[in-house]
Amino acid sequence: MLIHGATLNGTLNDDGGEACDCGFEWGLTVAYGNTTPTQSRTTGQTFSQAINTIERQTTIHFRAFATNAAGTIYGADRTFLTLAEVPTPTTNTATALLTTSATLNGLLADDGGEACDCGFEWGLTAAYGNTTPTTSHITGNPFSQGIVGLSPFTTYHFRAFATNSKGTGYGADRTFKTPAEVPTVTTDPAIPNTVLADLCGTLDDDGGEPCDCGFEWGLTVAYGNTTPTQSRNTGETFNEIITGLLPSTTYHFRAFATNSGGTGFGADVTLTTAATPPGVVPPTVDTIGTTSITLLTATLLGELSDDGGEACEVRFQYGLTATYGNDTPWQIGKVTGNSFQQGIVGLSPFTIYHFRAQAKNAMGLSNGIDMTFETWEALTKSKAHALSREEF
């Protein structure tokens with residue numbers, strides 16, 4: 001038998017004395033309604049005829065006949081059941097994407113002739129590894145299945161399948177990506193001074209992707225001021241120095257972190273600036289250059305040319321551009337004429353970096369000039385280029 005047809009077979013037991021025209025009648029009932037072409041046969045010979053355009057999974061009646069000059073004689077009525085085909089499902093786009101769940105969608109384009117059990121395979125790769133429960137459908141029916149227990153900001157593969165008595169057909173592989181979770185962030189205690197403060201925060205959970213982290217701050221919980229942001233991952237801290245504050249004044253601030261899933265906020269925290277110290281002015285700091293440059297490391301050099309009247313904290317900022325993005329730890333207790341240095345690691349080979357020295361005291365924050373260096377093989381002499389000078 002064929003999926004969309006069959007081959008009918010008969011034998012001419014007795015030709016009645018002359019060659020006969022042999023064929024078949026066939027149809028959905030014993031009324032038949034269809035007749036095949038005939039073939040000339042004599043006693044004992046077999047004959048066959050292929051028929052097609054038959055519906056799948058359908059019972060067909062048929063009988064042989066033979067005709068000679070004396071008339072026509074018929075064989076007994078017989079039946080057969082046409083076969084089903086392997087079904088054809090279509091994998092449609094996933095919907096209702098949440099951080100830990102999604103809805104998989106498919107369409108049964110062709111059931112192959114009988115109702116099918118339809119579902120999905122899914123997983124982190126095209127090997128899948130997970131199978132949903134199935135539901136029964138016929139040609140043209142859409143079907144869906146919700147899945148849970150997913151990870152945020154993760155790509156998953158899936159495909160639809162449909163099974164009938166003939167076998168299982170599969171739709172194409174498709175992917176979807178779960179969104180990131182809203183990050184969680186902690187507002188850490190600030191380090192206040194007279195006219196500036198160092199705001200501090202910790203990114204507790206990035207929700208699955210790097211976050212832009214910063215602070216809101218102001219005289220009330222309405223804040224009104226927002227700092228520049230820094231890219232951070234889970235567990236990393238961040239800070240931002242704010243300047244131009246009033247002495248002996250209380251300020252509110254809170255940390256925030258933003259990813260594609262939204263923005264999370266830390267608790268509101270307050271800081272109180274110190275009273276104005278007598279005779280203190282903002283410091284002056286110089287970016288000197290670099291030494292001990294290798295493919296992956298360098299040592300940055302600076303000097304506190306004027307402490308402004310009190311011991312200062314100093315550090316360096318560095319990065320691929322003059323917006324930097326990386327801060328070295330603060331070094332405390334520096335006074336006029338003190339030189340300072342800081343080794344940095346994790347650099348990229350043959351790459352130009354910007355850097356500058358910073359100094360702060362109770363009355364302000366000052367920046368040294370921007371300079372650059374290029375990582376390469378170890379040198380006995382530093383190579384740095386001055387670009388500008390900034391002071392607050």
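Start by selecting Thr154: skipping its neighbours within four places in sequence, you'll find it in contact (heavy atoms within 4.5 Å) with Leu124, Phe176, Lys177 and Thr178. Before going on, know that this is a predicted model, where local features need pLDDT of at least 70 and side-chain atom pairs count only at pLDDT 80 or more, while totals for chains, interfaces and linings use all residues. Residues are numbered from 1 along each chain as its sequence is written, and side-chain values use heavy atoms, leaving out hydrogens and water.

Is Thr154 buried or exposed? Thr154 counts as buried because its relative accessible area is 17%, and buried means under 20% (1.4 Å probe, protein chains only). It sits in the loop between β14 and β15 (155-164); strands here are DSSP runs of E, at least two residues, numbered from the N terminus.

Next, select β9 (88-95) and β14 (142-148), the edge strands of an open, antiparallel sheet of 3 strands ordered β9-β10-β14. Strands pair if DSSP finds at least two bridges between them; β9 and β10 (residues 101-110) have 6. Look for Thr95, opposite Thr103 in β10.

Last stop: pick Leu300, Ile344, Leu347 and Phe373. Within the largest nonpolar core, which has 19 residues, these touch the most other members. Such a core is a set of buried Ala, Val, Leu, Ile, Met, Phe, Trp, Tyr and Cys residues joined through side-chain atoms within 4.5 Å. Apart from it lies another core of 17 residues, including Cys211 and Phe253.

Terms used. Helices (H or I, at least four residues) and strands (E, at least two) are DSSP runs, numbered from the N terminus. Buried means under 20% relative accessible area, exposed over 50%, partly exposed in between (1.4 Å probe, protein chains only).
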